[in-house]
Amino acid sequence: MVAQSTSTVLMVRPVAFQSNPLTAASNSFQNHDADAAIEVVQAQALGEFEGLVAALQNAGVEVIVVDDKHEPHTPDAVFPNNWISTHSDGTVVTYPMMANNRRLERRRDVMDKVLPQAGFDIAKIVDFSPAERKEQFLEGTGSLVLDRVNGIAYACLAPRTHPAVLDNFASSLDYKVVLFTAVDRQGQQIYHTNVLMCIGTGYSVICTQAIADEAERDQVLDSLHTTGHEIVDISYAQLEQFAGNMLELMSAEGDRLLAMSQRAADCLTAAQKEVLSQYVNIVSAPINVIEDNAGGSVRCMLAEVFLQKATDFS
């Protein structure tokens with residue numbers, strides 16, 4: 001049986017983190033402090049990274065940490081979920097990225113060495129990155145919010161999410177697509193679907209306000225209701241605090257967790273937390289510098305590992 005969440009994640013430790021000028025035009029969540037020294041920002045981001053790793057490990061999550069490399073310079077390497085996803089049938093998928101310097105984040109050694117050395121079996125690799133030559137992009141589980149149990153891929157149309165690659169993903173991995181348009185408070189397309197919604201086991205956190213078209217909003221909600229998800233509706237104000245950028249995980253003991261930033265946790269209402277508490281325990285850590293400079297949050301930092309371990313077959 002396919003599970004919605006996993007107890008293992010891959011994270012990339014930053015070595016040269018900074019706000020990426022090549023992504024700013026399509027990411028309204030980036031709020032770069034031009035006066036901050038690059039060395040200071042990197043040091044702060046590294047501290048936040050280690051704090052999140054510790055919080056996840058303390059909650060019983062296995063964290064595979066890979067160090068980024070100084071060359072080539074990849075300022076957003078801390079967000080591996082955009083270039084890789086793994087699946088319970090042993091498939092690893094690599095994705096086409098919009099920014100040239102983000103394409104450099106794709107690392108063959110992760111698939112050839114890191115994951116196998118951690119005991120995980122890879123059956124095949126599906127590479128969609130050649131679509132970059134056509135200026136067609138699909139940035140992993142940033143562009144895609146996957147209902148793995150029901151085989152549904154939710155995606156909001158944006159410069160980083162192209163319908164042709166989305167269709168290719170769906171046919172290759174046997175997913176049905178729910179495609180819609182989402183905009184921020186200023187009317188700009190939201191750059192990644194995982195900024196506005198999260199799907200867990202029995203619930204979904206989503207900013208329905210961001211889906212302006214009523215028919216599209218009804219389609220999304222109907223799909224979520226049909227698959228048995230209780231809706232936790234967040235506001236634009238909460239979306240701007242990264243409350244949509246959450247990820248359900250499992251502890252080694254089988255407890256369900258919901259990972260998010262401290263900023264996201266702090267903005268949730270008591271009523272929202274009460275609903276979520278029926279399904280998960282919240283795990284949070286402060287990552288304000290990463291959020292402000294890169295425009296992404298905790299979910300973006302976590303590449304889930306759904307591959308089977310070799311010992312699982314013994």
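What radius of gyration does the protein have, and why does that agree with a compact globule? I started there. The model is predicted. A compact globule of 314 residues would have a radius of gyration near 20 Å, and the protein has 18 Å, so the two agree.

Next I looked up the overall build. The C-alpha atoms fill a box of roughly 55 × 45 × 45 Å along the principal axes. I found 10 helices and 15 strands. Of the 314 residues, 56% count as buried.

Then I turned to salt bridges. The structure holds 14. One of them joins Glu-132 to Arg-103, with the closest N and O atoms 3.7 Å apart. This pair links distant parts of the chain, 29 residues apart. Glu-132 lies in the loop between strand 5 and helix 4, while Arg-103 sits in helix 2. Glu-132 counts as buried because its relative accessibility is 9%, under the 20% cut-off. Arg-103 is buried too, at 19%.

I also checked Arg-102. Its partner is Glu-105, and their closest N and O atoms are 2.7 Å apart. Both residues are buried.

Glu-248 is buried at 2%, whereas Arg-256 is partly exposed at 36%. I noted a network as well: salt bridges link Arg-13, Glu-50 and Asp-67.

Last, I looked at surface charge. Asp-213, Glu-214, Asp-218 and Asp-222 gather in a negative patch on the surface. I placed Asp-218 in helix 6, residues 214-226. Its relative accessibility is 35%, so Asp-218 counts as partly exposed.

Terms used
Residues are numbered from 1 along each chain as its sequence is written. This is a predicted model: local features need pLDDT of at least 70, side-chain atom pairs count only at pLDDT 80 or more; totals for chains, interfaces and linings use all residues. Side-chain values use heavy atoms; hydrogens and water are left out. Patches are made of residues with over 30% relative accessible area and no salt bridge: like charges are joined within 9 Å, nonpolar side chains (Val, Leu, Ile, Met, Phe, Trp, Tyr) within 5 Å. Accessible areas come from the Shrake-Rupley method with a 1.4 Å probe; for residues, only the protein chains shown count as cover. A salt bridge is a side-chain nitrogen of Lys or Arg within 4 Å of a carboxyl oxygen of Asp or Glu. Lys and Arg count as positive and Asp and Glu as negative; His and the chain ends are not counted. The place of a charge is taken as NZ of Lys, CZ of Arg, CG of Asp or CD of Glu. Helices (H or I, at least four residues) and strands (E, at least two) are DSSP runs, numbered from the N terminus. Buried means under 20% relative accessible area, exposed over 50%, partly exposed in between (1.4 Å probe, protein chains only). The radius of gyration is taken over C-alpha atoms; the globule rule is 2.2 Å times the number of residues to the power 0.38.
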